[in-house]
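I opened my notebook to look up how one chain is put together. I start with the overall counts, then turn to one pair of helices.

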Amino acid sequence: MVRRDEALSALRHEVAGREFEFATVLEVTDGGPDGLLLRVRSGRRLHPHTLVVDADESRLALDHSTGEPPDSDDVQQWTHGMVLWLTEQLDTGVLRWGRRRKLTDGTVAIDPMLEPEPPSPWWVSPVPLERPTPTGQRRLRRLAQSRRGKSIAILGGRMHLEPNPAPGGHLRDAGLDVRPGRAAHRAGRLLQWLQLHLDDRGGSPPAGQLVVSWADDAQTDGRLEHLECTPSVPETAAGSRWDPCCGRCWRVADRASVRSP
């Protein structure tokens, strides 16, 4: 097992100031009982994230790149394994899917070492902002007539799209208010427009929506502009926020605004 002070010094030397795919490490500090703390900036986000790296005896005696004990107590070998692990985390989006954890001083940090939450029974996806071109729409109508109402599959790249001046028509048909999303889209303020389904593959009609828009012209701060669910949505689903990349559930009940990623 390497000593904690050695681990801190070596890790600080290797990653402080280092740019990863989705984040830059600003500094590495000793968080005492909370472990080693990395302040990382993602994109144009004004307030850095705090990433937690546990530094108890079991973690200091582990090669994080393999998940096994290292061949020796050499701090350089431990650091090399930690850098490989951090590279995987910060190059693949841990700031999005990592579990939140409150530190002893009240700081909300991201802990990628916590066990992931169980998968959500619901599904989220971005509201499409494009539509088939007139030629593509005619093709879809011909296919629908030939298939007599059966499902139609269009392989990627074969259907040309164009911007939709009035997106979200299917949300309106489901009884949801599309005016906030359309207004933000027309004004160029739209940051994210998501739709909620009550199954885990998005096959059911949309049962909720969330609109996040830029709050300033510099596009550094965003706000939760509109959150709406149909009466059929369970309270646990209505009080959630969602990762638009993979459909996993995040909490938003306490979120009045967001920062740009």
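I count two residues as in contact when they have heavy atoms within 4.5 Å. By that rule, I looked at contacts in the chain between residues at least 6 apart in sequence: 54% of them join residues at least 24 apart.

Ground rules. This is a predicted model, where local features need pLDDT of at least 70 and side-chain atom pairs count only at pLDDT 80 or more, while totals for chains, interfaces and linings use all residues. Residues are numbered from 1 along each chain as its sequence is written, and side-chain values use heavy atoms, with hydrogens and water left out.

Confidence. I checked pLDDT, the predictor's confidence in each residue, from 0 to 100. The chain has a mean of 79, and 79% of its residues reach 70 or more. Helix α7 (residues 179-186) has the highest confidence, at 95, and strand β13 (residues 249-251) the lowest, at a mean of 33. Over residues 241-261, pLDDT stays under 50. Where pLDDT is low, the predicted coordinates should not be read in detail.

Overall build. I found eight helices and 14 strands. These are DSSP runs numbered from the N terminus: helices are H or I with at least four residues, strands E with at least two. Of the 261 residues, 39% count as buried, meaning under 20% relative accessible area with a 1.4 Å probe, protein chains only.

The helix pair. How do α1 and α3 pack? Helix α1 (residues 4-15) and α3 pack at about 50°, with axes 10 Å apart. That angle makes α1 oblique to α3. Oblique covers what is left after under 35 degrees (roughly parallel), over 145 (roughly antiparallel) and 65 to 115 (roughly perpendicular). The axes are lines fitted to C-alpha atoms over the stretch in contact, and angles run from 0 to 180 degrees between N-to-C directions. Residues that meet include Ala10 and Leu11 in α1, and Thr79 and Met82 in α3.

Thr79. I placed Thr79 in helix α3 (residues 75-92). Is Thr79 buried or exposed? Thr79 counts as buried because its relative accessibility is 1%. Beyond neighbours within four places in sequence, Thr79 is in contact with Ala10, Leu11 and Glu14.

Val15. I found Val15 in helix α1. Val15 has a relative accessible area of 0%, so Val15 is buried. Its contacts beyond four places in sequence include Phe20, Leu38 and Leu86. The C-alpha atoms of Val15 and Met82 are separated by 9.9 Å, though these residues are 67 apart along the chain.

Conventions:
Buried < 20%, exposed > 50% of the residue type's maximum accessible area, 1.4 Å probe, protein only.
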